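Biologist: Please show me the chain. I would like to ask what stands behind each label you put on it.

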Amino acid sequence: MAAPSAAVSGAHLRLTTRGRVVLWLLAATVVALVTLLGSQASADGPVTAQEVQRHVVQPGETLWQIAESVATPSQDVRDVVVALVDLNELPDAGLMAGQVIVVPAR
């Protein structure tokens, strides 16, 4: 029964020419993909923090009115409303009197 183990220990793995070519092509493909993906990676530079100020919502005041007051002449008020909702992590555009939100500094 010792014969099978002797046969296994004496066996060597041999690749055919076609097997070597496939192995080299596979290795070259992996290297090319890593190089390609690595060259596209880039780090963002430091982002300057947006200057904000606190605003206490008055009774009857809407987010639209607040957006109109902080929007520059070239900005669409709808975009400013969306930015305020995102900035304050609001679930929607509804506000309550006395609520404190942050708005971009003028």
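Biologist: Where is Glu-89 found?

Modeller: Glu-89 sits in the loop between H4 and E2. This is a predicted model in which local features need pLDDT of at least 70, side-chain atom pairs count only at pLDDT 80 or more, and totals for chains, interfaces and linings use all residues. Residues are numbered from 1 along each chain as its sequence is written, and side-chain values use heavy atoms, with hydrogens and water left out.

Biologist: What makes a stretch a helix or a strand?

Modeller: Helices (H or I, at least four residues) and strands (E, at least two) are DSSP runs, numbered from the N terminus. The chain comes to four helices and two strands, in the order α-α-β-α-α-β from the N terminus on.

Biologist: Why is Glu-89 called exposed?

Modeller: Exposed means over 50% relative accessible area, buried under 20%, and partly exposed in between (1.4 Å probe, protein chains only). Glu-89 has 70% relative accessibility, so Glu-89 counts as exposed. Its phi is also positive, near 50 degrees, in a residue other than glycine.

Biologist: Which residues of H4 are buried?

Modeller: Val-77, Val-80, Val-81, Leu-84 and Val-85 are buried there. They cover an arc of only 140 degrees around the axis, which puts them on the same side of H4. The arc is that of the directions from the helix axis to the C-beta atoms. The face turned away from this buried side carries the exposed residues Arg-78, Asp-79 and Asp-86.

Biologist: Why do Val-77 and Val-80 count as buried?

Modeller: Val-77 has a relative accessible area of 17%, so Val-77 is buried. Val-80 is at 7% relative accessibility and therefore counts as buried.

Biologist: How do you know that the buried residues of H3 share one side?

Modeller: The buried residues of H3 (residues 63–70) are Leu-63, Ile-66, Ala-67 and Val-70. Their arc around the axis is only 100 degrees, which puts them on the same side of H3. What covers them includes strand E1 (52–56), helix H4 (77–87) and strand E2 (100–104).

Biologist: What makes a set of residues a nonpolar core?

Modeller: A nonpolar core is a set of buried Ala, Val, Leu, Ile, Met, Phe, Trp, Tyr and Cys residues joined through side-chain atoms within 4.5 Å. The largest one has 15 residues, of which Leu-63, Ile-66, Leu-84, Leu-95 and Ile-101 touch the most other members. H3, H4 and E2 each supply at least two residues of this core, and the largest share, five residues, comes from H4. Leu-63 touches residues including Val-81, Leu-84, Leu-95 and Ile-101, not counting residues up to four places away in sequence.

Biologist: Why is the pair Arg-78 and Asp-76 called a salt bridge?

Modeller: A salt bridge is a side-chain nitrogen of Lys or Arg within 4 Å of a carboxyl oxygen of Asp or Glu. The closest N and O atoms of Arg-78 and Asp-76 are 2.7 Å apart, so the pair meets the definition. By this rule the count comes to one salt bridge. Arg-78 is at 54% relative accessibility and so counts as exposed, whereas Asp-76, at 30%, counts as partly exposed.

Biologist: Why does Val-34 count as exposed?

Modeller: Val-34 lies in helix H2 (residues 17–40). Its relative accessibility is 56%, so Val-34 counts as exposed.

Biologist: How much of the chain is buried?

Modeller: Of the 106 residues of the chain, 15% count as buried.

How values were computed. Contact means heavy atoms within 4.5 Å.
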